[in-house]
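Please find below a short note on the model under review.

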Amino acid sequence: MSASRSTGTTDALGPDEDPGREPSAVAVPGSRLLAALLDGMDAALCAFDAHGAITHWNREAERILGWTAAEAVGRRGFAGWAVRSADAEDVQGRLMAAMDAPGRQVHEFALLRKDGGRVLVRTQSSGVRGEDGKPAGVYCAFSEVHAQIDLERSIAIGEALFEDASWGVVAVDVDLRPTVVNAYAARALGGGRTTLLGRPLGELIVQGVEDLEGALQHVLAEGAPSAPAELWVTLRTAEGERRRCWRSGFLRLASPLAEEPVPLGVGWLFRDVTAAKLAEQDADRVRFRSNQLHRAARQAAECEDPLEAATTSLDYALAGFADHVVLDLLADLAAGEKLVRAASTPSDAPGPCLPVSGGSLPVRYATGHPALLALERTGSVRAAAPAKAGEAWAVEHQWPGDSVHALCAVLRSRGRTLGVVTFLRAANRSAFERPDVVYAESVAARVASAADLARLTAGPGA
């Protein structure tokens, strides 16, 4: 199908080959090239000469209105076939006015389809000049208004996401490198919107990058997941490393211009939910520890031996809290003797807290030992092994060899100090924090009551 019936008009709108040049075997005549270009456009296009006669009509125009190029080219305006008679003069006048006006003119018209239906179109018209510089006609590109609005809405959404969105938006290419980053994402990643472009994610994320890149690769290969994912990462920043939780959604990006879907990358949308997740974890931790204290109290109430009640409370406290526990009691409160080891968990493997076999043994803690500091201050003391200290630190403090974090809580009952309970963690756990101290002190209060009862039942001098 030819998009034009007039070679002369075609030459005016798109010049043909130089007449004085020898034809080439690979040269494409200008009129055929122009027709192919027009028919390949995604927008409908028609052109008018200076008298208002249609000279060009592409396939998209045929698709929208149903009129073929053979039926459209040569007609004078839209009157009587593509527009209602009452609107014909106004439509034609506004279209042809673009011939003398500078720039492009945008209008909306209701046109008629070949089947009699009406369609609202948005047009962009511009004048065409001849070789002499005088107005030679008008070309008009048009599309259905709803399609144009959909396009504009998509563009507007994309621009808004990459500018003002209240969550992070990152476009990642097939090599998993950021190509577009919005302001929120730049702040979250600790860089500028342009400085982050093209950099491997591993340069920005210290831990958790494998999970993120695995999710991106899965989206490229299989498509977007059905639900958001929560990813914990550790970021490298100027202030040090920060641990964050991002609730992330992913979209596979494909080119709308390709006949078959060709992945362009992944759209990654995320929001920092670290504060909410930490609060949720804290609430879960408090709930669990409260349940453990309740269960320990009920179980300890069934113990005839007060020391057994104390070790039962420590067994319940260990769950999810520490790897080892050591119970040291003062042998003679009146004499102020040193601490003796009353009960502990096994030093070489997980196990329950049991009284020391063969009776309590004195412990010779060196000056400055955390347990002695707790007694001196009548308060809790936290300690941690120096970097690369290995087992030497634990052995020096007479604790199990894998201990690297310690929390000593003093035992107080009836206004007297009875001893110290020490909770120990291995290297695979984090250091004790303030909420852990509060929990340890709650456990210590229960253990102190049981230890005090054991002294009372043992008689004077105990």
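1. Leaving aside its neighbours within four places in sequence, with which residues is glutamate 241 in contact? In this predicted model, the residues in question are Val206, Thr234 and Leu235. Glutamate 241 belongs to strand β10, which covers residues 240-254. Its relative accessibility is 57%, so glutamate 241 counts as exposed, the cut-off being over 50%. The C-alpha atoms of glutamate 241 and glutamine 207 are 9.7 Å apart, with a separation of 34 residues in sequence.

2. The largest nonpolar core comprises 33 residues, of which Leu314, Phe321, Leu327, Leu411, Val421, Phe423 and Val443 touch the most other members. At least two residues of this core come from each of α9 (274-300), α10 (306-318), β12 (324-330), β13 (339-344), β17 (405-413), β18 (416-425) and α13 (434-458). The greatest contribution is that of α13, with nine residues. Apart from this core lies another, of 29 residues, including Trp57, Ile64, Trp81 and Cys140.

3. On the cysteines, the structure holds zero disulfides. Cysteine 353 has a relative accessibility of 1% and therefore counts as buried, the limit being under 20%. Cysteine 408 is likewise buried, because its relative accessibility is 0%.

Technical notes: Residues are numbered from 1 along each chain as its sequence is written. This is a predicted model: local features need pLDDT of at least 70, side-chain atom pairs count only at pLDDT 80 or more; totals for chains, interfaces and linings use all residues. Side-chain values use heavy atoms; hydrogens and water are left out. A disulfide is a pair of cysteine sulfur atoms within 2.5 Å. Buried means under 20% relative accessible area, exposed over 50%, partly exposed in between (1.4 Å probe, protein chains only). A nonpolar core is a set of buried Ala, Val, Leu, Ile, Met, Phe, Trp, Tyr and Cys residues joined through side-chain atoms within 4.5 Å. Helices (H or I, at least four residues) and strands (E, at least two) are DSSP runs, numbered from the N terminus. Contact means heavy atoms within 4.5 Å.
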